[in-house]
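Hello,

Here is the structure we talked about. Please open it and keep it beside this email while you read.

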Amino acid sequence: GGQLDVATFSQLTGRADRVAAQGRADAASGLYEQALALWRGAVLAGRDQRRGHPAVTELTRRHSDAVLGYADVAIHTAVPHRALPHLRELCARDSLNEAAHARLMIALTAAGQQAAALDVFHGVRRRLIDELGIDPGAQLATAQAHVLRQQVRASGAATVPG
């Protein structure tokens with residue numbers, strides 16, 4: 001991979017966000033996939049020594065937002081499994097990101113993997129308690145309740161907390 005084409009990534013995610021807001025989940029899904037494919041090919045994604053730089057911090061936040069946006073449309077369009085690799089990668093990189101873990105739980109459940117979704121909850125709950133001394137927040141608690149009550153239909157018509 002080479003450099004991340006930041007302008008193209010921003011254009012694609014911006015369009016995806018707008019299209020998703022209009023309720024056009026299929027179209028948004030394709031745009032998010034293109035944007036995330038650009039990111040995957042970029043060296044920047046793994047450059048530890050640049051992590052503290054404000055531009056990298058901002059880009060990383062925008063990437064996280066794109067993964068969460070993609071997860072929402074993928075769940076909604078009954079292809080939750082397509083968002084799983086992106087969500088897993090984001091959760092691995094940001095092991096205390098409650099929004100990402102909540103989306104991963106919903107996507108796993110929508111993909112028929114309820115036990116895996118509960119494993120995600122228990123893992124992040126343990127890390128939050130061990131590392132921050134806090135219990136999971138509302139997003140994770142809501143996601144767990146949805147998983148336990150099986151309120152995520154495999155059709156993808158899920159209420160995503162947050």
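**What turned up**

Ala78 sits in the loop between α3 and α4. This is a predicted model. Ala78 is not a glycine, yet its phi is positive, at about 65°. Is Ala78 buried, partly exposed or exposed? Its relative accessibility is 37%, so Ala78 counts as partly exposed.

Now go to Asn97. This residue lies in the loop between α4 (80-93) and α5 (98-110). Asn97 has 15% relative accessibility. Buried means under 20%, so Asn97 counts as buried. What lies 3.1 Å from a polar atom of the Asn97 side chain? The backbone nitrogen of Ala99 does.

**α3 against α5**

Next, look at two helices. Helix α3 covers residues 54-76. It packs with α5 at an angle of about 20°. The two axes are 10 Å apart. Angles under 35 degrees count as roughly parallel, so α3 and α5 fall in that group. The crossing of α3 past α5 is left-handed. Which residues meet here? From α3 come Leu68, Ala71, Asp72 and Ile75. From α5 come Ala99, Ala100, Arg103, Ile106, Ala107 and Ala110. Sorted by class, this contact of α3 with α5 has eight nonpolar residues, two charged ones and no polar ones.

**α2 against α4**

Helix α2 spans residues 25-40. It packs with α4 at an angle of about 45°. Their axes are 12 Å apart. That angle makes α2 oblique to α4. α2 also passes α4 in a left-handed crossing. On the α2 side, the contact is made by Ser29, Glu33, Leu36, Trp39 and Arg40. On the α4 side, it is made by Arg82, Pro85, His86, Glu89 and Arg93. By class, the contact of α2 with α4 has five charged, three nonpolar and two polar residues.

**One last residue**

Finish with Asp17. It is found in helix α1, which runs over residues 6-21. Its relative accessible area is 41%, so Asp17 is partly exposed. How far apart are the C-alpha atoms of Asp17 and Ala66? They are separated by 8.2 Å. Along the chain, these two residues are 49 residues apart.

Best wishes

How values were computed. Residues numbered from 1 in each chain as written. Predicted model: local features only at pLDDT ≥ 70, side-chain atom pairs only at ≥ 80, totals over all residues. Heavy atoms only, no water. Helix = DSSP H or I, 4+ residues; strand = E, 2+ residues; numbered from the N terminus. Buried < 20%, exposed > 50% of the residue type's maximum accessible area, 1.4 Å probe, protein only. Polar contact = N/O pair within 3.5 Å; in protein donor to acceptor, adjacent residues only side chain to side chain. Axes fitted to C-alpha atoms, helices over the stretch in contact; angles between N-to-C directions. Parallel < 35°, antiparallel > 145°, perpendicular 65-115°, else oblique. Left-handed = near helix turned anticlockwise from the far one by under 90°. Contact = heavy atoms within 4.5 Å. Nonpolar A, V, L, I, M, F, W, Y, C, P; charged D, E, K, R; others polar.
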